[in-house]
Amino acid sequence: MNKNTINKQKINMNYDYLSGIFHADGTFTVSIIKGKNKLYLNPRMIFTQHERSLNIIKEMKLKFNNVGHIKFQTNKICKYTITNLEDIKKYVLPVFDKYTVRSNKYSGYLKYKLIVNILYFEKPIYNSSL
């Protein structure tokens, strides 16, 4: 099959399938960004695939209410990323609470979820002495 044929194939993605492929090729991450007088925590959900599997990324994006963005990299890799805190809280956490990832990725998810909830419900965490 060539790339164009693969991209045109329809994927019927259910949430169990989404959780399984995310376990293999996805990550939950929180970056620490130093601002002028503050540290910012930036949670992200990232899913990576080869460009020939763009249809999988598009279907996943639909499952997350079409939020986030898809970025094409020069090495034929596509990344689907959700960075908006409200979108993560509203769309990402409910999916992975119900359709959990397995093994060590689950413990990482629980830490990620804790940070997202702290950021969502509490005041920003910062140190003014930086």
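How many helices and strands does the protein have? The model shown above is a predicted one, and in it the protein has five helices and four strands. Read from the N terminus, the elements follow the order α-α-β-β-α-β-β-α-α. The chain comprises 130 residues, of which 35% count as buried. The protein exposes about 8300 Å², and carbon and sulfur atoms supply 51% of that area. Among contacts between residues at least 6 apart in sequence, 61% join residues at least 24 apart.

The largest nonpolar core has 26 residues. Those with the most contacts inside this core are Phe28, Met45, Met60, Phe64, Tyr80 and Phe96. Two or more core residues are given by each of α2 (15–25), β2 (39–50), α3 (54–63), β4 (77–82), α4 (85–98) and α5 (103–121). The largest share, six residues, comes from α4.

After α3 comes Asn65, whose phi is positive, near 60°.

The packing of the helices can now be examined. Two packed helices are described by the angle between their axes and the distance between the axes. For α2 and α3, the angle is about 120° and the axes are 11 Å apart. That angle makes α2 oblique to α3. The crossing of these two helices, α2 and α3, is left-handed. Which residues meet where α2 and α3 are in contact? From α2 come Tyr15, Tyr17, Leu18, Ile21 and Phe22, and from α3 come Ile56, Met60 and Lys63. In general, an α-helix has 3.6 residues a turn, so residues three or four places apart point the same way.

A further helix pair is formed by α4 and α5, whose axes come within 11 Å and cross at roughly 145°. Here too the crossing is left-handed, as α4 passes α5. On the α4 side, the meeting residues are Leu85, Glu86, Ile88, Lys89, Leu93, Phe96 and Asp97. On the α5 side, they are Tyr109, Tyr112, Lys113, Val116, Asn117, Leu119, Tyr120 and Phe121.

Individual residues show how parts of the chain meet. Ser19 lies in helix α2. Is Ser19 buried or exposed? Ser19 counts as buried because its relative accessibility is 5%, and the cut-off for buried is under 20%. Beyond its neighbours within four places in sequence, Ser19 is in contact with Phe96, Tyr99, Thr100 and Val101. The C-alpha atoms of Ser19 and Lys98 are separated by 9.6 Å, although these residues are 79 residues apart along the chain. Lys98 is found in helix α4. In contrast to the buried Ser19, Lys98 is exposed, with a relative accessible area of 63%.

Tyr91 also belongs to helix α4. Its relative accessible area is 19%, and Tyr91 is therefore buried. With its neighbours within four places in sequence left aside, Tyr91 is in contact with Phe64, Asn65 and Val67. The C-alpha atoms of Tyr91 and Asn65 are separated by 7.2 Å, while the two residues are 26 residues apart along the chain.

The backbone angle phi deserves a final remark. Most residues other than glycine have a negative phi, and most peptide bonds are trans. Lys76, a residue other than glycine, has a positive phi near 65°. Lys76 is found in the loop between β3 (69–72) and β4, and at 47% relative accessibility Lys76 counts as partly exposed. Ser103 likewise has a positive phi, near 50°. The place of Ser103 is in helix α5, and at 53% relative accessibility this residue counts as exposed.

Key. Residues numbered from 1 in each chain as written. Predicted model: local features only at pLDDT ≥ 70, side-chain atom pairs only at ≥ 80, totals over all residues. Heavy atoms only, no water. Core = buried A, V, L, I, M, F, W, Y, C linked by side-chain atoms within 4.5 Å. Buried < 20%, exposed > 50% of the residue type's maximum accessible area, 1.4 Å probe, protein only. Contact = heavy atoms within 4.5 Å. Areas by Shrake-Rupley, 256 points an atom, 1.4 Å probe, with all protein chains shown as cover. Axes fitted to C-alpha atoms, helices over the stretch in contact; angles between N-to-C directions. Parallel < 35°, antiparallel > 145°, perpendicular 65-115°, else oblique. Left-handed = near helix turned anticlockwise from the far one by under 90°.
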